[in-house]
Amino acid sequence: MTQHVIRPVRADEWEKVKELRLVALSDPMAPLAFLETAAEAAEKPDEFWQDRARGAAEGRGVRQFVAEAPDGRWDGSVTLFIEQVGSTDFLQQTVQRNQGHVVGVFVRADQRGTGITDALFRAALEWAWSREEPELEHVRLFVHEDNARAGAFYRRFGFEPSGLVIPKPGDPTSQELEYVIARPAAG
């Protein structure tokens with residue numbers, strides 16, 4: 001891997017959070033990977049991005065990790081939300097177990113295959129498994145049925161298909177596949 005530092009975002013980095021999100025939403029794979037467009041994200045006020053960075057930095061219910069290059073450029077990001085038993089998830093379903101939910105996975109095209117994605121996932125899962133309240137049983141994510149590259153990475157990293165298939169929000173003609181990784185056994 002290159003000389004990237006993998007770390008959580010800081011609350012004052014909202015402009016970089018916004019910039020990387022707009023880059024991600026402009027990627028050719030964005031329609032498969034994300035639920036919003038670059039135009040929709042660009043219209044959001046600064047206060048939205050400030051709140052987003054602050055929430056992801058505090059790390060209570062969400063934490064965003066970035067891959068920062070030596071020159072300060074952010075080359076990738078992963079966000080992990082905590083879903084607690086009894087809460088309602090993005091599908092409006094009651095959460096049955098304490099779990100993490102990975103979203104917003106993105107690595108710039110010129111950095112793919114360098115190990116950045118692995119490093120981002122290691123950081124996110126380390127944070128997930130280190131939590132004591134709530135202790136998470138597993139971490140999940142959804143991948144579009146046509147996003148073979150992402151699906152291959154998730155399987156290689158240790159995620160397994162759960163069997164849950166849902167219509168893609170906003171596009172009922174496409175399907176999203178749930179993948180999960182179980183909490184490692186104590187040892």
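The model is predicted, so local features need pLDDT of at least 70, side-chain atom pairs count only at pLDDT 80 or more, and totals for chains, interfaces and linings use all residues. Residues are numbered from 1 along each chain as its sequence is written, and side-chain values use heavy atoms, with hydrogens and water left out.

**First selection: two helices**

Select helix H1 (residues 14-26) and helix H4 (residues 46-58), whose axes come within 8 Å and cross at roughly 105°. Helices are DSSP runs of H or I with at least four residues, strands are runs of E with at least two, and both are numbered from the N terminus. Axes are lines fitted to C-alpha atoms, for helices over the stretch in contact, with angles from 0 to 180 degrees between N-to-C directions. H1 is therefore roughly perpendicular to H4, a term for angles of 65 to 115 degrees. On the H1 side, Trp14, Val17, Lys18 and Arg21 make the contact (heavy atoms within 4.5 Å). Their partners on H4 are Asp46, Trp49, Gln50, Arg52 and Ala53.

**Next: the largest core**

Select Leu80, Phe121, Val139, Tyr154 and Phe159, which have the most contacts inside the largest nonpolar core, a set of 27 residues. A nonpolar core consists of buried Ala, Val, Leu, Ile, Met, Phe, Trp, Tyr and Cys residues joined through side-chain atoms within 4.5 Å; buried means under 20% relative accessible area (1.4 Å probe, protein chains only). Helix H5 provides the largest share of this core, nine residues. Apart from it lies another core, of 16 residues, including Leu20 and Trp49.

**Next: Glu178**

Glu178 belongs to strand S7 (residues 171-182). Is Glu178 buried or exposed? With a relative accessible area of 9%, Glu178 is buried. Display Ser162 as well: a polar contact of 2.5 Å joins the two side chains. Such a contact is a pair of N or O atoms within 3.5 Å; within protein, one must be able to donate a hydrogen and the other to accept it, and residues adjacent in sequence count only if both atoms are side-chain atoms.

**Next: Arg108**

Arg108 lies in the loop between S4 and H5 and is buried, at a relative accessible area of 11%. Although Arg108 and Asp75 are 33 residues apart in sequence, their C-alpha atoms are 5.4 Å apart.

Most peptide bonds are trans. Glu133 and Pro134, however, are joined by a cis peptide bond, with omega about -5°.

Terms used:
Buried < 20%, exposed > 50% of the residue type's maximum accessible area, 1.4 Å probe, protein only. Parallel < 35°, antiparallel > 145°, perpendicular 65-115°, else oblique.
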